[in-house]
Amino acid sequence: MTKFRDVEGKVAVITGAAQGIGYGCAEALAAEGVHVVLADVSPEVHNSWKKISEANPENQGFSMETDISKEDQVKRLVDAVVEKFGRIDIMYNNAGINGGEWAISDVTEDVIDKVFGVNLKGTMFCCKYAAIQMKKQRFGTIVNTGSFYGKVGHANSGLYGSSKAAIHTLTQALALEIAPYGVTVNAVCPALAATEMHWAYLRKEAAETGVPFEQLTKDELLTIPLGRLGTGADSAGAILWLASESGAYVTGQLINVNGGLDFT
């Protein structure tokens, strides 16, 4: 067997990894032999790492509480990984927040600052320090989490959508900047996912509209051609490809991982 699709032994940093897509992705990467470092602002990240470590006792990763909106904490995270492993092969910048539904005419400055502070500024800090290290290495894969909300405007999602659109532009600009160093930069764009963030959104909608939660979930599935919600493992599939030799010629792309919900 060749190394064409092999990722065993690589080192991945995954932000927003305490739960949801980030945790599911970490789980899937660890099962393929990738050493995973889980970062999240929530202390729950340590329990998440414990579960992965118990299932994969040979894994040399670890967990670290990290607020990506704070530059010094992102630098500390990257420094800790490099100190232990001497490199970073994969940087998956997944951490993000929704911020809720807001009409542009109603959104407040504090919410704007919070959403952009995590989604854009935090992702930019992660890209910055990953890029510094990967330029030295002259190899590596950076993957950001974009969104189909960042490709086409949706009413009452202008705040979240514009933060994700900014990540798309950041992804492509960075891809051009560090291509000469052999580093690739892409974004995966999930749509509707089976995460607590999504369930919270549906529970809120159910309370506001009076439509039962169970009905809302059934109606959603009708909009997805593949008939199911996305998971962290789905995103992991794209990341594993991008991080292997088989995906080494792909950079600057916004890759839909959405079950066919959107083709833009």
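Is Tyr 149 buried, partly exposed or exposed? I looked it up, and Tyr 149 is partly exposed, with a relative accessible area of 23%. My cut-offs are under 20% relative accessible area for buried, over 50% for exposed, and partly exposed in between, with a 1.4 Å probe and protein chains only.

**Before going on**

I note that this is a predicted model, where local features need pLDDT of at least 70, side-chain atom pairs count only at pLDDT 80 or more, and totals for chains, interfaces and linings use all residues. Residues are numbered from 1 along each chain as its sequence is written, and side-chain values use heavy atoms, with hydrogens and water left out.

**Entry: aromatic rings**

A pair of aromatic rings is described by the distance of the centres and the angle of the planes. Rings of Phe, Tyr and Trp (its six-membered ring) pair if their centres lie within 6.5 Å; planes under 30 degrees apart count as stacked, over 60 as edge-to-face and the rest as tilted.

I found two aromatic pairs in the structure. Phe 148 and Tyr 149 make a tilted pair, at 4.5 Å centre to centre and 55° between the planes. Phe 148 is buried, at 8% relative accessible area. Tyr 149 also pairs with Tyr 160, edge-to-face, at 6.1 Å centre to centre and 75° between the planes. This pair links distant parts of the chain: Tyr 149 sits in the loop between strand 5 and helix 5, and Tyr 160 in helix 5, eleven residues apart. I took helices (H or I, at least four residues) and strands (E, at least two) as DSSP runs, numbered from the N terminus. Tyr 160 is buried because its relative accessible area is 13%, which is under 20%. Together, Phe 148, Tyr 149 and Tyr 160 form one aromatic cluster.

**Entry: nonpolar cores**

Next I looked for cores. A nonpolar core is a set of buried Ala, Val, Leu, Ile, Met, Phe, Trp, Tyr and Cys residues joined through side-chain atoms within 4.5 Å.

The largest one has 31 residues, and those with the most contacts inside it are Leu 29, Val 34, Val 36, Leu 38, Ile 52 and Tyr 92. Among the elements that each supply at least two residues of this core are strand 1 (11-15), helix 2 (44-55) and strand 4 (90-93). Helix 1 gives the largest share, seven residues. A second, separate core of 30 residues includes Ile 68, Ala 95, Phe 125 and Cys 127.

What does Val 34 touch, not counting residues up to four places away in sequence? I listed Val 7, Lys 10, Val 11, Ala 12, Leu 29, Asn 59, Ile 90 and Leu 240. Contact here means heavy atoms within 4.5 Å.

**Entry: pockets and a cavity**

Then I searched for spaces. On a 1 Å grid over the protein atoms alone, a cavity is a set of points where a 1.4 Å probe fits but cannot get out, and a pocket is an open set with protein on both sides within 12 Å along at least five of seven lines; lining residues have an atom within 4 Å of a point. Grid points are joined across faces, edges and corners, and a volume is the space filled by probe spheres set on the points.

The largest pocket has a volume of about 1200 Å³. It is lined by 48 residues, and Gly 96, Ile 97, Asn 98, Thr 195 and Met 197 are the closest to its centre. Helix 6 gives the most to this lining, with eight residues. I sorted the lining of the largest pocket by class: 18 nonpolar, 20 polar and ten charged residues. Ala, Val, Leu, Ile, Met, Phe, Trp, Tyr, Cys and Pro count as nonpolar, Asp, Glu, Lys and Arg as charged, and the others, Gly among them, as polar.

The second largest pocket has a volume of about 190 Å³. Of its 15 lining residues, Lys 10, Thr 141, Ala 243, Ser 244 and Glu 245 are the closest to its centre. Its lining has five nonpolar, five polar and five charged residues.

I found one cavity of 30 Å³ or more in the whole structure. Its lining includes Ile 21, Pro 190 and Val 257.

**Entry: two last residues**

Leu 226 is in the loop between helix 7 (213-222) and helix 8, and counts as exposed at 64% relative accessibility. Thr 217, in helix 7, counts as buried at 19%. Thr 217 touches Trp 199 and Leu 202, not counting residues up to four places away in sequence.
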